Amino acid sequence: MIITKIEPQKKHKNRSSVFIDGNFAFGIDDFDLRRLHLAVGKVLSDEELTAIRQDVLIQETKQYALKLLDRHSYTENALIRKMRERECDESSILATISFLQEYGYIDDREFARRYISSALRTGKSGMRKIKYDLSLKGISKEIVDEVALEFDEENSDSETEQVTILLEKKIKGDYSFPNLMKAKRYAFSRGFSVDAIDSAIRKLKLDEDDFPVE
């Protein structure tokens, strides 16, 4: 195997991409590039490439992932995307993900639990939108549905309370058909269920009848 090209990475300072036999092989910090005497034309054996991956590339990728996680919570999918953007090689990415899962640094189920809990506390979105947002973050449908089910029973009443507050601000005492439809569409777009929306409107109408404006 021969190193056929080495080029600086455009998005990451002090890192280069190494090509072997005309194909991208891995990204590496320039310090290690020089330390390992990697240059165009250098011949690498399978054993040498394996040693580079084990001793340098995987360790670099792990440190980068841990640095990211120290600053912010990531889903597995989002973390893989960040590593690929840094042009880490796939074997290093897989080894890093395995390491992070083994030691509990990433856990999509726990991420989903924290996200749902936080979103429900704000009261700005219903479960349907929360689940959709989690899917956009790369959490699998199986995990999203499983974790959401944990919240369904305790969330049923609170969802009605949340959408009631939301609709009260939107309706503003105007229960005309066009205004109600507009308010219902807005609540639905925020991910609240039809049942919760209808229950909230019934409650608001009942309160309005109990306390008529003089």
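The model is predicted, so local features need pLDDT of at least 70 and side-chain atom pairs count only at pLDDT 80 or more, while totals for chains, interfaces and linings use all residues. Residues are numbered from 1 along each chain as its sequence is written, and side-chain values use heavy atoms, with hydrogens and water left out.

S117 lies in helix α5 (residues 108-122); helices (H or I, at least four residues) and strands (E, at least two) are DSSP runs numbered from the N terminus.

Next, select residues 3-8, 15-20 and 23-29, which are β1, β2 and β3. These form an open sheet of three strands in the order β1-β2-β3, with antiparallel pairing, two strands being paired if DSSP finds at least two bridges between them. The edge strands, β1 and β3, each pair on one side only. Neighbouring strands of this sheet are turned by 25° against each other on average, direction ignored; axes here are lines fitted to C-alpha atoms, for helices over the stretch in contact, and angles run from 0 to 180 degrees between N-to-C directions.

Between β1 and β2, which run antiparallel, there are five bridges, and E7 can be found opposite S17 in β2. The two strands form a hairpin with six residues between them, and N14 in that turn has a positive phi of about 65°. Moving along to β2 and β3, look for six bridges in the antiparallel sense, with S16 standing opposite I28 in β3. In the loop between β2 and β3, select D21, a residue other than glycine whose phi is positive, near 55°; D21 counts as partly exposed because its relative accessibility is 47%.

**Onward to helix α2**

The loop between α1 (30-35) and α2 holds H37, which is not a glycine and yet has a positive phi of about 55°. H37 counts as exposed, at 61% relative accessibility.

Helix α2 (residues 46-71) packs on the sheet, where it touches β2 and β3, and its direction makes about 50° with that of β3. Within α2, select K62 and display T96 and F99, with which K62 is in contact once its neighbours within four places in sequence are left aside; contact means heavy atoms within 4.5 Å. K62 is buried yet has no salt bridge, and the nearest side chain of opposite charge, that of E102, is 7.7 Å away. A salt bridge here is a side-chain nitrogen of Lys or Arg within 4 Å of a carboxyl oxygen of Asp or Glu; Lys and Arg count as positive and Asp and Glu as negative, with His and the chain ends not counted.

**Two sides of helix α6**

Finally, select helix α6 (residues 127-136) and colour M127, I130, D133 and L134, which are buried. They cover an arc of only 120° around the axis, which puts them on the same side of α6, the arc being that of the directions from the helix axis to the C-beta atoms. Turn to the other side of α6 to find Y132 and L136, which are exposed.

Technical notes: Buried < 20%, exposed > 50% of the residue type's maximum accessible area, 1.4 Å probe, protein only.
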